[in-house]
Amino acid sequence: MSSPVIIVTGASRGIGLEVCKTLLTEFSSKIVAVSRSTPAGLTSLKEQYSDSIEIVTGDVASPETSKNAVNKAIEKWGQLDGLVLNAGTLDPVARLEDADVDAWRKGYDINFFGLLPAIKESIPHLRKSKGRVVFVSSGAATSAYEGWGCYGSTKAAMNHLNETLAFEEPEITAVSIRPGVVDTEMQRAIREEHRTKMGEGHSKFIQLHENGDLVPAEKPAGVCARLAVKATKDLSGLFLSWNSPEVKAYQG
């Protein structure tokens, strides 16, 4: 079997970067890494696997970024086998009474509307390859946190989009994954920047950090990477935690 060709958004750090590492080391994948910047971790990976990674720099909120990524995969390797849709933002964090509508629109542009061009551009190629789409979602899709109205609602919309894709495209397997409370830059921002905006719910994230209970990024990232390559059809349309029994075979 030829090396799978996968597009990974939000690939510069955290879960996205770890997804790229797993795809490269376990599957010898060819990757189009989509990122707004190219920090040291992604640059190092590109240097190490120069023939296997193409970087598309851009904001996922712009449809051109997704179009460029899909075109790059097809021009370079002639196929597309999967998407890992990981790019996202927690902002804006604010109670509803303090909501900035324009800031919510920006959050939706990144977390939700940015998904649509990637999916639309990819569907014809994923039909041919009987490919896979993995959505990196959140527990906030089903549980409210003070100040997280924008973020949580975008992830709920993402989960519905996952179900719709699975329903409309039977040749494509689509799965939405809850990665847990992961040790990433977003968690650092929650602890350090959003204390006054999250009310009592903020203490949960402080305690998880102090107790060493944050999930290492490579664990859910590994699940997402393996699903992007070999998820079975029975998982299509589901929203699952990274460590749930249904995906035990993908936990490494």
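Q: Where is serine 28 found?
A: In this predicted model, serine 28 sits in the loop that runs between helix 1 and strand 2, the strand covering residues 30–35.

Q: And is serine 28 buried or exposed, or partly exposed?
A: Serine 28 counts as partly exposed, with a relative accessibility of 44%.

Q: What about its phi?
A: Phi of serine 28 is positive, at about 50 degrees, although this residue is not a glycine. Lysine 130 also has a positive phi, near 50 degrees, and is likewise a residue other than glycine; lysine 130 lies in the loop between helix 5 and strand 5, which spans 132–136.

Q: Which peptide bond is cis?
A: The bond from aspartate 91 to proline 92 is cis, with omega near 0 degrees, and proline 92 belongs to the loop between strand 4 (82–85) and helix 4.

Q: Let me step back for a moment: how many helices and strands does the protein chain have?
A: The protein chain has nine helices and seven strands. It has 252 residues, of which 51% count as buried, and its accessible surface comes to about 11,800 Å², with 48% of that belonging to carbon and sulfur atoms.

Q: Now the helices. At what angle do helix 1 and helix 9 pack?
A: Helix 1, residues 14–27, and helix 9, residues 218–230, pack at an angle of about 55 degrees, and their axes are 8 Å apart. That angle makes helix 1 oblique to helix 9, and the crossing of the two is right-handed.

Q: Which residues of helix 1 and helix 9 meet?
A: From helix 1 they are Ile15, Glu18, Val19, Thr22, Leu23, Glu26 and Phe27, and from helix 9 they are Glu218, Ala221, Gly222, Cys224, Ala225, Arg226, Val229 and Lys230. Sorted by class, the residues of this contact between helix 1 and helix 9 are eight nonpolar, two polar and five charged.

Q: Staying with helix 9, where does lysine 219 come in?
A: Lysine 219 has its place in helix 9 and is partly exposed, with a relative accessible area of 44%. Its C-alpha atom is separated by 8.2 Å from that of glycine 252, which is 33 residues apart from lysine 219 along the chain.

Q: How do helix 5 and helix 6 pack?
A: Helix 5 (residues 115–129) and helix 6 (residues 149–168) pack at an angle of about 15 degrees, with 12 Å between their axes. They are therefore roughly parallel to each other, and helix 5 passes helix 6 in a right-handed crossing.

Q: Which residues make the contact?
A: Helix 5 brings Leu115, Leu116, Ile119 and Ile123, while helix 6 brings Met158, Leu161 and Leu165. The residues of this contact of helix 5 with helix 6 are seven nonpolar, no polar and no charged.

Q: What is the angle between helix 4 and helix 5?
A: Helix 4, which covers residues 101–113, packs against helix 5 at an angle of about 30 degrees, with the axes 6 Å apart, and that makes helix 4 roughly parallel to helix 5. The contact is made by Asn111, Phe112 and Phe113 of helix 4 together with Leu115, Leu116 and Pro117 of helix 5.

Q: Switching to strands, where does phenylalanine 135 lie?
A: Phenylalanine 135 lies in strand 5 and is buried, with a relative accessible area of 0%.

Q: What does phenylalanine 135 touch?
A: Not counting residues up to four places away in sequence, phenylalanine 135 touches Leu85, Leu115, Ile119, Met158, Leu161, Asn162, Leu165, Ala174, Val175, Ser176 and Ile177. The C-alpha atoms of phenylalanine 135 and leucine 85 are separated by 5.0 Å, although the two residues are 50 apart along the chain.

Key
Residues numbered from 1 in each chain as written. Predicted model: local features only at pLDDT ≥ 70, side-chain atom pairs only at ≥ 80, totals over all residues. Heavy atoms only, no water. Helix = DSSP H or I, 4+ residues; strand = E, 2+ residues; numbered from the N terminus. Buried < 20%, exposed > 50% of the residue type's maximum accessible area, 1.4 Å probe, protein only. Areas by Shrake-Rupley, 256 points an atom, 1.4 Å probe, with all protein chains shown as cover. Axes fitted to C-alpha atoms, helices over the stretch in contact; angles between N-to-C directions. Parallel < 35°, antiparallel > 145°, perpendicular 65-115°, else oblique. Left-handed = near helix turned anticlockwise from the far one by under 90°. Contact = heavy atoms within 4.5 Å. Nonpolar A, V, L, I, M, F, W, Y, C, P; charged D, E, K, R; others polar.
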